[in-house]
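Please examine the sequence and the structure before reading on.

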Amino acid sequence: MSQNAFITEETIEGADDGPLADATVAVKDNISTEGVRTTCGSAMLESYVPPYDATVVERLKDAGATIVGKANMDEFGMGGTTETSAYGAVKNPVDEGHVPGGSSGGSAAAVAAGDADLALGSDTGGSVRNPAAFCGVVGIKPTYGLVSRYGLVAYANSLEQIGPIGTSVEETAALLDVISGPDPKDSTTRFDLDEDGEDAAHPAADSNYAGAADGDVDGMTIGVITDLLEGADDRVVEVFEASLEDLRAQGAETVEVSLDSLEHAVQAYYVIAMSEASSNLARFDGVRYGQPGGYEGNWNDAFARAREEGFGEEVKRRVLLGTYALSAGYHDKYYKKAQDARAWVKRDFDDALDQADVLATPTMPVLPPELGESLDDPLQLYLMDANTVPVNLANLPAISVPAGEADGLPVGLQLIGPKFGEESIVRAASAVED
């Protein structure tokens, strides 16, 4: 396991039978596992052992899966390369001189290296799709509310979803079948309302996402988001366009769509995400959670010392920026405007999906950077998320599927569907895979 994919290698056995009885699964280290250390890739939680399982972990165990370890990650999910982990950077199994993506880089690397059949990650702005693309595997970001977030250590509550990673579309969709569905412990796994305003069945109640991986795209309309091709690496665009040609050869139609709001999506995303992170991470103070600061002065000094010693540089940067955006005099200037931009992004996606069954972009606009290349330029690291963060702002489902290689490095194709349209993106992705 030279790629440093795991923080904790401790086996958790599942039930004797079930749909995942023969499968091994890596679980991202921000998802609670009863009795097994959960660190979020941070020194702050180095010795934290949860007293309960996340709902998705309960469902894995009930389905018979064997959990083989807790996967390495960017600290508290803040990063896109899995280099901000307090436990060391993860290497890309495809080429160990390059990053595996992030923040679920350990999960994707474990699957790509064959250390686990499947994995769970969390996706706040692309953190499942990014490493899936960079490691040449499949990753699904579900519709917000499809999968329970109970037991996921929060980064940005309104954006994040737990999602599956696998080597094939069908196997990854089968894992989604296991983990999706309503959860009384998480109100975000909401029910749709019927026409009378009453609770109707949850969208995953009778799901068969794996069954949708039939590769049949004949008659499907795929909208190509032209805005997200501008500025992308030419090598990535070449692979992307070849995949579109393959889909057309299988009977799909492609149309060009444009979303003007995407110009502001990255800025809006980071204001919202950092603001929510500032609030969520306030609990890590060395008293409620985290290592004590060991300072015998007043409480504020001890609080500051604990956070100074427990948090890495990227986490500190995001907490500070989020606190600033929420502070008196700046809330309306930054946070409120970001929420207005978010609503605009959602409207643009709804309009685009009126013209097409699914939307297509390269998952990442660049090839996997070399290790260490991105750490000195946080702004460039944030801009790398341009193709993935709009999906989280709109709370839509998306999948990254391997589309080919450029210079020996994987390139992913991203397919975006309407709300609870997981079957559509799985079907289209399986055609790309075929």
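## The second largest cavity

The strand β11 (409-416) supplies the largest share of the lining of the second largest cavity, namely 3 residues. Strands are DSSP runs of E with at least two residues and helices are runs of H or I with at least four, both numbered from the N terminus. A cavity is a set of points, on a 1 Å grid over the protein atoms alone, where a 1.4 Å probe fits but cannot get out, and lining residues have an atom within 4 Å of a point. This cavity has a volume of about 40 Å³, a volume being the space filled by probe spheres set on grid points joined across faces, edges and corners.

The model is predicted: local features need pLDDT of at least 70, side-chain atom pairs count only at pLDDT 80 or more, and totals for chains, interfaces and linings use all residues. Residues are numbered from 1 along each chain as its sequence is written, and side-chain values use heavy atoms, with hydrogens and water left out.

Among the residues that line the second largest cavity are Phe 134, Met 364 and Pro 410. By class, the lining has 8 nonpolar, 1 polar and no charged residues. Here Ala, Val, Leu, Ile, Met, Phe, Trp, Tyr, Cys and Pro count as nonpolar, Asp, Glu, Lys and Arg as charged, and the others, Gly among them, as polar.

## The largest cavity

The whole structure holds 2 cavities of 30 Å³ or more. The largest has about 110 Å³ of space and is lined by 18 residues, with Gly 79, Gly 80, Ser 127, Tyr 270 and Asp 385 nearest its centre. Its lining comprises 6 nonpolar, 10 polar and 2 charged residues.

## The largest pocket

A pocket is an open set of points with protein on both sides within 12 Å along at least five of seven lines. The largest pocket contains about 520 Å³ of space. Its lining has 25 residues, and Val 266, Gln 267, Tyr 270, Leu 379 and Leu 383 are the closest to its centre. The helix α6 gives the most to this lining, with 5 residues. The lining divides into 18 nonpolar, 3 polar and 4 charged residues.

## The nonpolar core

A nonpolar core is a set of buried Ala, Val, Leu, Ile, Met, Phe, Trp, Tyr and Cys residues joined through side-chain atoms within 4.5 Å, where buried means under 20% relative accessible area with a 1.4 Å probe, protein chains only. The largest core has 53 residues, and Leu 20 and Ile 31 are among those that touch the most other members. A second, separate core of 45 residues includes Val 153 and Leu 393.

Technical notes:
Buried means under 20% relative accessible area, exposed over 50%, partly exposed in between (1.4 Å probe, protein chains only).
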